[in-house]
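Could you walk me through how the pieces of this model pack together?

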Amino acid sequence: MSEIINVQNLVKKYDNNFTAVKNLNLKIRQGEIIALLGPNGAGKTTLISTICGLSSITSGLIKVNGLDVIKDYRKTRELIGLVPQELALEPFEKVINSVKFSRRLFGRKDDNEYIEKLLTKLQLYDKRDNIIKSLSGGMKRRVMIAKALSHNPQILFLDEPTAGVDVELRKDMWSIIKELKNEGVTIILTTHYIEEAEMIADRIGIINHGELLLIEEKKELIKRMSVKTLKVKLKKTLDIIPTKLKKYNLKLIDEGKSFLYYYNTGKERTGITSLLSDMNKIGINLFDIQTEETSLEEIFVKIIKE
Amino acid sequence: MNIRGIHAIYRYEMNRSFRTLIQSLVSPVLSTILYFIVFGAAIGSRMDNISNVSYGAFIVPGLIMLTVQMQSVNNASFGIYFPKFIGTTYELLSAPLSFVEIVIGYVGAATTKAFSIGLIILCTSYLFVDLDIKYPFFMLCFLLITCMTFSLLGFIIGIVSDNFEQLNIVPMLIITPLVFLGGSFYTIDMLPPFWQNFALLNPIVYLISGFRWSFFGVGDVPIFTSIIFMLIFTSICISIIWYIFKTGYKIKN
């Protein structure tokens, strides 16, 4: 996949001397879904704002499709659609007029067929003549997406698209995002919901204090960082961990009826076979075995804490 | 140039006026008609002619200026402030539009609205007074430039304002008194000598005088002074807007 966004040494400092983004480097590939995770105030929205033209850049360079977002702002902005975090809509306007307005701002000719298809895809067609004020929060969120897609962008920024929406709508949003990816749209979303990133992202970036702590393929990240837990239930209770098993850093639980063993699936050897073999040698019989995998959420918390 | 983008803003703003037709059009026209009735017919019939012009006809340019200046400022300031208030300026800033194009869209719409109201009031005035415009082409140009300049001023007010109170402070506390004291209903030489000199510090005097000159061929100050003043005022407004967009003041983070 070719690179569609390249952020180089980006610094964003506000007038009050707060540095929201610190020397950030990021490359985004065409057609991927990238999820930017981070706590509140991490710099996610500021990063998006600088790429889209809402915020000025203190230093650094941002290229979209090989073009500078400042010098070639017309060409780069034509490629981008933005759905901001807040529901910012003209309350007294009809849905269809609002979407058409957004398309015209991008210098595009009216295309009723495209707009109707878009509204149908977002389940807004029946609401096209409704005043925005009369719509539910979920519908308004869809209108925001329709406006962002009205000029047929190649890149879509979604700033916390499912914040405050119910579970059903969130799942609808995910399916819309996946559908857009299938159509070749590059999607960059920021989210607080780790589950969201886990469900739909190809790559995950973690931002904190204006720095990009990591960016990695989701599967690789989970594999690399994931620590599995092996829970061994014993036939006989143990008072202490036998000396021969101390090297495995086992943790006794359930009043000695079970112990936990932590291992990394990313490593060549997990140590399970030798543990079971050593147990057998000293006559400890197992009753049952369970494994649990670390979630992305636990990985995220670990990275942020580090 | 993104002509479709400019047109989108212009059309959107004009549609907003049509949605609120009573507030946008009927209200200012009705207010002006009341002025005609009170000052033109009731009080004016007992007043002497001024510069060989009946008092009813004399106040027509002043009343038009009074209305278009207020309308230009109000329309343009609200036009840009409302998107700021509801947070939709992100659309303008993330679209392939230059700052000049954004200004043309908003100021163009506010100018059109104010200019149209000015013409409607002019037509309405014929119902109340006999009016003969000496320099009609100049009058239209002067009216248009006034509408544009005050729309630029309104745009600045809309950008700078952080709340609805601030949005109304400049029009209510500065522009309205200046317009009323700028010779809308009298000539400067009707004032005592001290106040005549004081009145010349009021920039609106030059605009009303220039506009009145286009109607009757006479004004409080020479027409070239009015034109130069108008150009200076327009240049100041354009410079401030240029600075705002160059620095992103109150627009960009």
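Here are some questions and answers on helix packing, sheet order and domains.

This is a predicted model, where local features need pLDDT of at least 70, side-chain atom pairs count only at pLDDT 80 or more, and totals for chains, interfaces and linings use all residues. Residues are numbered from 1 along each chain as its sequence is written, chains are lettered from A and ligands numbered from 1 in the order written, and side-chain values use heavy atoms, without hydrogens and water.

Q: Are H3(B) and H9(B) parallel, antiparallel, perpendicular or oblique to each other?
A: Helix H3 (residues 55-86) and helix H9 (residues 203-216) of chain B have axes 9 Å apart, at an angle of about 130°. Angles under 35 degrees count as roughly parallel, over 145 as roughly antiparallel, 65 to 115 as roughly perpendicular and the rest as oblique. So H3(B) and H9(B) are oblique.

Q: Which strands of chain A stand at the edges of the sheet?
A: The open sheet has six strands in the order E6-E7-E8-E3-E9-E10 (chain A), with mixed pairing. Two of them have a single partner strand each, so one side of each is left without a neighbour in the sheet: E6 (80-83) and E10 (211-217) of chain A.

Q: What separates the centres of domain 1 and domain 2 of chain A?
A: Chain A is divided into domain 1 (3-223) and domain 2 (227-305), with bounds from an automatic or database domain assignment. Taken over C-alpha atoms, their centres are separated by 43 Å.

Conventions. Axes are lines fitted to C-alpha atoms, for helices over the stretch in contact, and angles run from 0 to 180 degrees between N-to-C directions. Helices (H or I, at least four residues) and strands (E, at least two) are DSSP runs, numbered from the N terminus. Two strands pair if DSSP finds at least two bridges between them.
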